[in-house]
Amino acid sequence: MILSERAFWVVTPGAGEIRPATVPAPGPQEVRVRTIRSGVSRGTETLVFRGAVPASQHTAMRAPHQEGDFPGPVKYGYLNVGVVEDGPDDLRGRTVFCLYPHQTGYVVPASAVVPVPDDVPPSRAVLAGTVETAVNALWDAPPLVGDRVTVVGAGMVGCGVARLLARFPGVAVELVDVDSSRARTAAALGVDFAHPDDAAGSRDLVFHASASEAGLRRSLELLRPEGTVVELSWYGDREVSVPLGAGFHSGRLAIRASQVGMVAPARRSTRSYSDRLALALDLLRDPAFDALVTAEHPFERLPEILPELASGSLAGLCHVITYGE
């Protein structure tokens, strides 16, 4: 039986609409999922919405269940939580997370979904992709006991990294952002907060997630000699200038990229993508992550919400989409 569903598409840069979608009956190793929540990844999804994915990155930036091509029309997204309506007995009726776009219902291989722990509410579970990115970053550059660590950029990814760092023994964590209202978020996450001008220096490790040239420059300034900046920002088609003069070489500073598209080398031989995602969902048992959920909006409003997020007129961290259940 073919079902009629609805999906959000970016039609052209800066404009989106909800379109009908047809979903086939699931096969023997597939599941049919009814979406109950999805999350808007403010950084990447707004870049996609603005048509700012460079042509050289069109293949690398494809989402697992994307339809269409950049810059559009394209169905894009990867923070989806739903209930399995049909499929293998061990999954039927379970709440699951899937790297699927904003769509009311869909069919995917059973291996594409990961069960959500019973004590993780759906609106928090949409953060699994964000926390997975944070996990990968900490596999790329784990702090040592007693390290002084700064996270520059209090967006979804930066806040996710900060909360995981807060659980490391003896690690002093400072979250840095130009928006002073993020001090309340930092307090909820159990870390210190500072404006960039007042941030502590001599840091062993800095995770940069502000997606701004100024943030990257400040991250380098905050390091101690031989310290490392872990670059988590993705700039799309923007050029970024990095200050490699002054004390960069004499201080033997390092900048390393971390990107969730591959499992970090330190764990690549022992952890799969599914293992990493399951770990992220387990870490979301922590209610402190509720501080990252800013607001909920009905699916029908997505064509209005994404332009507001892309322009910056709608503030906040994770905006959760509801599906009328």
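This is a predicted model: local features need pLDDT of at least 70, side-chain atom pairs count only at pLDDT 80 or more; totals for chains, interfaces and linings use all residues.

User: How many aromatic pairs does the structure hold?

Analyst: It holds 4 aromatic pairs. Take Tyr76 and Tyr78: their ring centres are 5.9 Å apart and their planes sit at 85°, so this pair is edge-to-face. Planes over 60 degrees apart get that label.

User: Are Tyr76 and Tyr78 buried or exposed?

Analyst: Both Tyr76 and Tyr78 are buried.

User: What about Tyr100 and Tyr106, how are they arranged?

Analyst: Tyr100 and Tyr106 are stacked. Their centres are 4.0 Å apart, with 10° between the planes.

User: And is Tyr100 buried or exposed?

Analyst: Buried. Tyr100 has 7% relative accessibility, and the cut-off for buried is under 20%. Tyr106 is buried too, at 0%.

User: New topic. Which residue lies over the face of Trp9?

Analyst: That's Arg19. It lies 5.3 Å from the ring centre of Trp9.

User: Now the surface. Which residues form the nonpolar patch?

Analyst: Val242, Leu244 and Ile255 form it. Together they have about 210 Å² of accessible area.

User: Where is Ile255 found?

Analyst: Ile255 is in strand S15, which covers residues 254-257.

User: Why does Ile255 count as partly exposed?

Analyst: Because its relative accessibility is 35%.

Technical notes: Residues are numbered from 1 along each chain as its sequence is written. Side-chain values use heavy atoms; hydrogens and water are left out. Rings of Phe, Tyr and Trp (its six-membered ring) pair if their centres lie within 6.5 Å; planes under 30 degrees apart count as stacked, over 60 as edge-to-face and the rest as tilted. Buried means under 20% relative accessible area, exposed over 50%, partly exposed in between (1.4 Å probe, protein chains only). A charge sits over a ring if NZ of Lys or CZ of Arg is within 6 Å of the ring centre and within 35 degrees of the ring normal. Patches are made of residues with over 30% relative accessible area and no salt bridge: like charges are joined within 9 Å, nonpolar side chains (Val, Leu, Ile, Met, Phe, Trp, Tyr) within 5 Å. Accessible areas come from the Shrake-Rupley method with a 1.4 Å probe; for residues, only the protein chains shown count as cover. A salt bridge is a side-chain nitrogen of Lys or Arg within 4 Å of a carboxyl oxygen of Asp or Glu. Helices (H or I, at least four residues) and strands (E, at least two) are DSSP runs, numbered from the N terminus.
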